[in-house]
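Q: I would like a close look at one part of this model, with the rest of the chain as background. Please keep it plain.

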Amino acid sequence: MERPGPSEVTGSDASGPDPQLAVTMGFTGFGKKARTFDLEAMFEQTRRTAVERSRKTLEAREKEEEMNREKELRRQNEDIEPTSSGAHVVRDCSKSSSRDTSSSESEESSGSSDDELIGPPLPLKMMEEPSNHIEEDILGPLPPPLYEEVEEDDDDDGDSEEEENPVQKIPDSHEITLKHGTKTVSALGLDPSGARLVTGGYDYDVKFWDFAGMDASFKAFRSLQPCECHQIKSLQYSNTGDMILVVSGSSQAKVIDRDGFEVMECIKGDQYIVDMANTKGHTAMLHTGSWHPKIKGEFMTCSNDATVRTWEVENPRKQRSVFKPRTMQGKKVIPTTCTYSRDGNLIAAACQNGSIQIWDRNMTVHPKFHYKQAHDPGTDTSCVAFSYDGNVLASRGGDDTLKLWDIRQFNKPLFSASGLPTMFPMTDCCFSPDDKLIVTGTSVQRGCGSGKLVFFERRTFQRVYEIDITDASVVRCLWHPKLNQIMVGTGNGLAKVYYDPNKSQRGAKLCVVKTQRKAKQAETLTQDYIITPHALPMFREPRQRSTRKQLEKDRLDPLKSHKPEPPVAGPGRGGRVGTHGGTLSSYIVKNIALDKTDDSNPREAILRHAKAAEDNPYWVSPAYSKTQPKTMFAQVESDDEEAKNEPEWKKRKI
């Protein structure tokens, strides 16, 4: 059978597609000739259409502008013209303004009246008071710049009021309390979207809180101990929100994902190497850590081994770079806190000798800025934070001070505030989202007052506002820029969230509106009985009312009571040897190992079996039966037999 040609398949004949072929293929469109397109013609047609449409649009716009000009001129003429007399003025103006149009000239020459003028009707006041209250210099309606000036003045007044009162932006009208535990909440972290909060404390626990999934009971949906028996010192979400950096009292930082599963753990260095730059990781307790704000997967940690190290999540076996803080004399000094700048190009660290050192991220040898007496020596500076514009650095010292620095002129502090007691090595300070306020917390002894959240204005560094948090120290504070909510960690195991329904977004507002689930409903559900056919009394198995009787029955059952098997009496049965002890080892010990036959003469012991071996050879003799000669043993005679066998001549001689 011949295969049809291309013309037959495409149906190029004049009669059209074959109906039988269409039925065979299952659809009617099979066999039609393919449609061809000329792209150049299509582009040309599109270009012409666009040119024509643009031309029409320009013509319509020109006509509209001409009509608007004519209407404006007529409206001006109506305002100037008196109501009773002076009609010739309007005519002269109309003639002079419309010389180019023949229609307007014919209307003026024919002496058309004022009723034919085009435009809105005159106001009643203008009809009654013709020209007494109208200035001839002003044509048309009053210009709007007066309103614009008024609006601008109002805006300036509003801006000045806001600048004068940045306290009004603090969201503190409402609060919720999250119960973390009984010990200090030493770490807070909030993801970039503001959906989840993570808290860590001195009780080694890390708890996850989901604002969208919580109800009014405010319970954490997950709790874990990622670092076993080490206190949690710092928690921070990455800039993408998919990983959390966990810094504890150990020498190895960990990275976990959003659900708490471990992603990586930093390697521990060799503590017997003197130069810490030659080790692959930290060798002493960590203090804090921070994610890079721009580069995904890069973070930084500082430790008691007098180093600041940067890491990459993809390479947990070795750090990326090592920064070694030094005193002015070149001695080691321990960094107590560290952070990245907002653009990620600078690394700042505060040390135990009171100095603040700032490095370029790519230059690990010498610091770019070094101020040796930023805070009192011997006090642990608990926090350094960059402003959102990246020009100002705030430092929270262990000497109960808060200082503000300009990194462009890093020779003295811009402002300094004292009287801010702190007793924790991780007391925070942070900037408000608009960079106009600086927030920090204060510590108190137990039973000696309440911890406060203190707000300072950045421009003047005045203490503008305070919030009494609780009767314990305020350790951590976090002001989220998207939510406009303030998270606070306290010394008595609480995490508080402050918000304003009008100024804040999402976050705590999502869980407050949800009603708490009632526990009674769950109890009633557990008490109800589900009746099934096999639960009826006729199908129910007999139930023992007393467990003592059941125990007695189980005692009589050898399988349930695991009764040991008794010793076998007699020769044995069932593969068991019926001897002393009932086992093969006891049989061997009884019959073989304890045989103490005295074999002091080995020759006699061997010859004892000679007759049996000669009568019934089994091992060696059959192999040599044809080749081995017959064994003959020499006869040994005694002295009496020798005397009897002596010849006669010897006896006579004797």
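Which residue in S11 does Leu286 stand opposite?

A: Leu286 stands opposite Ser303 in S11. This is a predicted model, numbered from 1 along each chain as its sequence is written, in which local features need pLDDT of at least 70, side-chain atom pairs count only at pLDDT 80 or more, and totals for chains, interfaces and linings use all residues. Side-chain values use heavy atoms, with hydrogens and water left out.

Leu286 belongs to strand S10 (286-291), and strand S11 covers residues 298-303. Strands here are DSSP runs of E with at least two residues, helices are runs of H or I with at least four residues, and both are numbered from the N terminus. S10 and S11 run antiparallel and are joined by five bridges; two strands count as paired if DSSP finds at least two bridges between them. The pair is part of an open sheet of four strands, ordered S10-S11-S12-S13, with antiparallel pairing. Its edge strands are S10 and S13 (321-323), each of which pairs on one side only. From one strand to the next, the twist averages 20°, with axes taken as lines fitted to C-alpha atoms and angles running from 0 to 180 degrees between N-to-C directions.

S7 (residues 243-248) is joined to S8 (residues 254-257) by four bridges, and the two run antiparallel. Val246 has Lys254 of S8 as its bridge partner, and five residues lie between S7 and S8 in their hairpin. S8 also pairs with S9 (residues 262-265), in the antiparallel sense and over three bridges. There, Val255 is bridged to Met264 of S9. The S8-S9 hairpin has four residues between its strands, and Gly260 in the turn has a positive phi of about 95°.

Elsewhere, the largest nonpolar core has 17 residues, and Leu178 is one of those with the most contacts inside it. Such a core is a set of buried Ala, Val, Leu, Ile, Met, Phe, Trp, Tyr and Cys residues joined through side-chain atoms within 4.5 Å. Buried means under 20% relative accessible area, exposed over 50%, and partly exposed in between, using a 1.4 Å probe and protein chains only. Leaving aside neighbours within four places in sequence, Leu178 is in contact with residues including Leu197, Trp209, Phe218 and Val497, where contact means heavy atoms within 4.5 Å.

For contrast, Ser418 lies in the loop between strand S21 (415-417) and strand S22 (429-431). Ser418 counts as exposed because its relative accessible area is 54%. Not counting residues up to four places away in sequence, Ser418 touches Asp400 and Thr401. The C-alpha atoms of Ser418 and Leu402 are separated by 6.5 Å, although the two are 16 residues apart along the chain.

As for the whole chain, there are 15 helices and 28 strands, and buried residues make up 34% of the 654 residues. The average pLDDT, the predictor's confidence in each residue from 0 to 100, is 77, and 70% of the residues score at least 70. Over residues 82-119 the pLDDT is below 50, and this stretch has 27 contacts in the model beyond near neighbours in sequence. For residues 158-162 the pLDDT stays under 50, and the model has one contact beyond four places in sequence. Where pLDDT is low, the predicted coordinates should not be read in detail.
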